[in-house]
Amino acid sequence: MDNQQLYDEIPSLDLADFTSGDPARKAAFVQALGNAFNNIGFVAVKNHGLTDELTKNLYDSVQEFFKADDAVKKKYEHPELNGQRGYVGKGRERAKGATVADLKEFYHIGQPEPVGDMPANVLPEEYPNFGKYTIETYRTLENTGRQLLRAIAIYLELPENYFDDKVSNGDSILRALHYFPLDPVTTPDGAVRAAAHGDINLITLLMGASADGLEVLRRDGKWIAITALPDQIIVNVGDMLDRLTNHKLKSTIHQVVNPPREKMATSRYSIPFFMHPRGDMDLTCLESCIDAEHPKLYTDMTAGEFLNERLIELGLKK
């Protein structure tokens, strides 16, 4: 049963309700998460495992790296990795369907202990703290994501650990993003920090401190600002989870708007964690999400095939 409603703001949840061991609190968390993901595809979550100290150390180390000269940053650019590890320079990525590149540069951290043919991380030797704190954050948010996927599995009436083996050694990415200062005069027409897009992955976990400027497109066509308290992370549905659930859980279009003119000359830092399964996960729509009112929307494909298609669309892969 779809319980469709229009939210003026995204719901706030406490992950401690899910991990508390109290069946009633756990069930209430599952239902609230499912309802939000069935409607707007976004929630704010506290008790997510990131400490204030780690968050501060992480942001300090990320800012330090992005202040480096371009020559230093370029040392860690590996085009052959299709933007999946290391530094990705200005103007490299554009949103699907966008004609101008997003106004950003970023750095990608993947599995700390890669298996099989997964690439190893590329870490800047000049900035050891950057590698230290991004990897610690990666491990923390991967664990948080695993808990959230267990709640999603219960909501979908799947075994609680349905996603566990699928995300084990998955293609998850921590993205340290720098939206560089903009000159209102020379910024290309139509260029924004992050054009309207849906995320590729299962779920995205975004540290709340960086939600300023983030907007989500409501079902009635209205953009609503996403606000998060300092102790919250923002969690949203990605396209892979949308496909798996035949759009029962909704990957909602969102964007990062340019700041007001008087703030354009300032930097903005943002650190999302994109939770991906391994490439061999089957994204065929779950039978339980298909019925007469909800016919099957998507063709069958694996997560790897879908990721490959999207990287080409984003201009990161030829």
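Me: What makes α2 the helix with the largest share of the lining of the largest cavity?
Reply: The count does: α2 supplies four residues of that lining, and that is the largest share. This is a predicted model, by the way. Two helices, α2 (23–39) and α5 (128–155), each bring at least two residues to the lining.

Me: How do you know how many cavities to count?
Reply: There's a cut-off of 30 Å³ or more, and by that rule you end up with one cavity. The largest cavity has a volume of about 30 Å³.

Me: How far is Met207 from Thr245, in sequence and in space?
Reply: They sit 38 residues apart in sequence, and 26 Å apart in space, C-alpha to C-alpha.

Me: What makes β5 "mostly covered"?
Reply: Strand β5 (residues 173–179) has seven residues, and seven of the seven are buried. Look at both faces: Ile173, Arg175, Leu177 and Tyr179 point one way, while Leu174, Ala176 and His178 point the other way, and all of them are buried.

Me: How do you know which strands β5 pairs with?
Reply: You count bridges, and at least two are needed for a pair. With β4 (residues 105–109) there are five, in the antiparallel sense. There are three between β5 and β12 (residues 268–270), again antiparallel. With β13 (residues 272–275) there are two, also antiparallel. Five, three and two each reach the cut-off of two, so these count as pairs.

Me: Which residues face each other in those pairs?
Reply: His108 stands opposite Arg175 in β5. Leu174 stands opposite Phe273 in β13, and the bridge partner of Leu177 in β12 is Ser270.

Me: Why are β6 and β9 called edge strands?
Reply: Start with the sheet: four strands form an open one in the order β6-β11-β8-β9, with antiparallel pairing. β6 (194–197) and β9 (223–225) are its edge strands because each pairs on one side only. On average, neighbouring strands of this sheet are turned by 20 degrees against each other, direction ignored.

Me: What makes β8 and β11 a pair inside that sheet?
Reply: Three bridges join β8 (residues 214–217) to β11 (residues 254–256), and at least two are needed, so they count as a pair. The two run antiparallel. Val216, for one, stands opposite His254 in β11.

Me: Last one: how do you know whether the overall size agrees with a compact globule?
Reply: A compact globule of 318 residues would come out near 20 Å, and the chain has 19 Å, so the two agree. Along its principal axes, the C-alpha trace spans about 55 × 45 × 40 Å. The chain has eight helices and 13 strands.

Note on methods
Residues are numbered from 1 along each chain as its sequence is written. This is a predicted model: local features need pLDDT of at least 70, side-chain atom pairs count only at pLDDT 80 or more; totals for chains, interfaces and linings use all residues. Side-chain values use heavy atoms; hydrogens and water are left out. Axes are lines fitted to C-alpha atoms, for helices over the stretch in contact, and angles run from 0 to 180 degrees between N-to-C directions. On a 1 Å grid over the protein atoms alone, a cavity is a set of points where a 1.4 Å probe fits but cannot get out, and a pocket is an open set with protein on both sides within 12 Å along at least five of seven lines; lining residues have an atom within 4 Å of a point. Grid points are joined across faces, edges and corners, and a volume is the space filled by probe spheres set on the points. The radius of gyration is taken over C-alpha atoms; the globule rule is 2.2 Å times the number of residues to the power 0.38. Buried means under 20% relative accessible area, exposed over 50%, partly exposed in between (1.4 Å probe, protein chains only).
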